[in-house]
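Colleague: I'm new to this one, so please pick a single part and take me through it closely.

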Amino acid sequence: MGAFKCCKLNFLQWRTNWKYPVCGIFLLVITWNTLHGFSDYAEALGCPMRPWLLALLPGDPHRFVLPMLAYLMLISDAPFRNRQQQFVLQRVGKRTWIWGQILYLFFTSVLFAVLLWVLSWVFLLPNLEWKARWGPAIQTAAQTGNHMQYAYVVMSYNIIQDATPIVATAWVFFMLIAVNFLFGLIVTVCNLWAGRGLGTAIAVFFCLEPMIIELFGSTIGFERFLLWMSPVSWLNRSYLQHTNQNLPSVGYAIAMTLGISILLILVIVGTIHRCNLDANKE
């Protein structure tokens, strides 16, 4: 129960720290800029859009990097130490406190994924239709690219061919939670044991990695090598359906993301008693 109270205190900071509303506004603006044109595209095409664009966003690394960076802004100073937390530490102890920080990172990842999913379809109103198939508008856009004059988003038709919209969207949603949680743990470990900013720099590199892979796409060996250590790329299902080409599989993406997260949690909890958590030095 003490860990959940520590987690709750972190969320209460959202009311007083300017960083959190700024991150929310930034995410709102970039998502609107990316997706609102699809509503005009659907109207011009004469058929409504369906709420499955989230599944296709990782296919455009130049666009998808922006919401990922917005998330990193939220957790860049994890674990969250201030003078109020110093009193909490004295009352509950280091181990309970750090479990509260880990819970906070997890719930923040969930809330971020929910918000991004909602924003991925709310800007399609009023040209939105709730049905369980991709629909002609999304299929036409992915096949022909004629949506570019309305919304400049690269869409992978392979994702549409390989999975139903519900499966593809669920994959991106849950992997987004897992990958963002992993980034939060990386930032936490680095901020506890190394200089501040190192963990964020590592996470930023991982966010930019899909763009690097696309840039060197013609260098097949280099691209394949990077895909095996690019968590953000694993959200793009079109990369994971070609194991016969020596590319990562769905099972590999899940095992690596969860396995590294569990390992980092064990490291954080197992070494927290050795850390100096003096908030006055923050």
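**A cysteine, a helix and some rings**

Modeller: Let's start with cysteine 207, which is buried, at a relative accessible area of 2%. Buried here means under 20% relative accessible area, exposed means over 50%, and partly exposed is in between, using a 1.4 Å probe and protein chains only. Keep in mind that this is a predicted model: local features need pLDDT of at least 70, side-chain atom pairs count only at pLDDT 80 or more, and totals for chains, interfaces and linings use all residues. Residues are numbered from 1 along each chain as its sequence is written, and side-chain values use heavy atoms, with hydrogens and water left out.

Now for the sulfurs. If you take a disulfide to be a pair of cysteine sulfur atoms within 2.5 Å, the count comes to zero. Cysteine 207 is in no disulfide, as the nearest cysteine sulfur belongs to cysteine 23 and is 13 Å away. Cysteine 47 is buried too, at a relative accessible area of 15%.

That Cys23 takes us to helix α2, where Cys23 is one of the buried residues. Helices here are DSSP runs (H or I, at least four residues) and strands are runs of E (at least two), numbered from the N terminus. Helix α2 covers residues 19-35, 17 residues in total, and reaches 24 Å from its first C-alpha to its last, close to the 24 Å expected at 1.5 Å a residue; the expected span is 1.5 Å times one less than the number of residues. Its buried residues are Lys19, Tyr20, Cys23, Leu27, Ile30, Thr31, Thr34 and Leu35. They cover an arc of only 110 degrees around the axis, so they sit on the same side of α2; that arc comes from the directions from the helix axis to the C-beta atoms. What do they pack against? Their partners are α3 (37-45), α4 (61-75) and α6 (94-122), with contact meaning heavy atoms within 4.5 Å.

Tyr20 turns up again in the rings: ring pairs link Phe11, Trp14, Tyr20 and Tyr104 into a cluster. Rings of Phe, Tyr and Trp (its six-membered ring) pair if their centres lie within 6.5 Å; planes under 30 degrees apart count as stacked, over 60 as edge-to-face and the rest as tilted. The structure holds 15 aromatic pairs. One of them joins phenylalanine 106 and phenylalanine 181, with centres 5.9 Å apart and planes at 85 degrees, so the pair is edge-to-face. Phenylalanine 106 lies in helix α6 and phenylalanine 181 in helix α9 (residues 165-193), so the pair ties together parts 75 residues apart in sequence.
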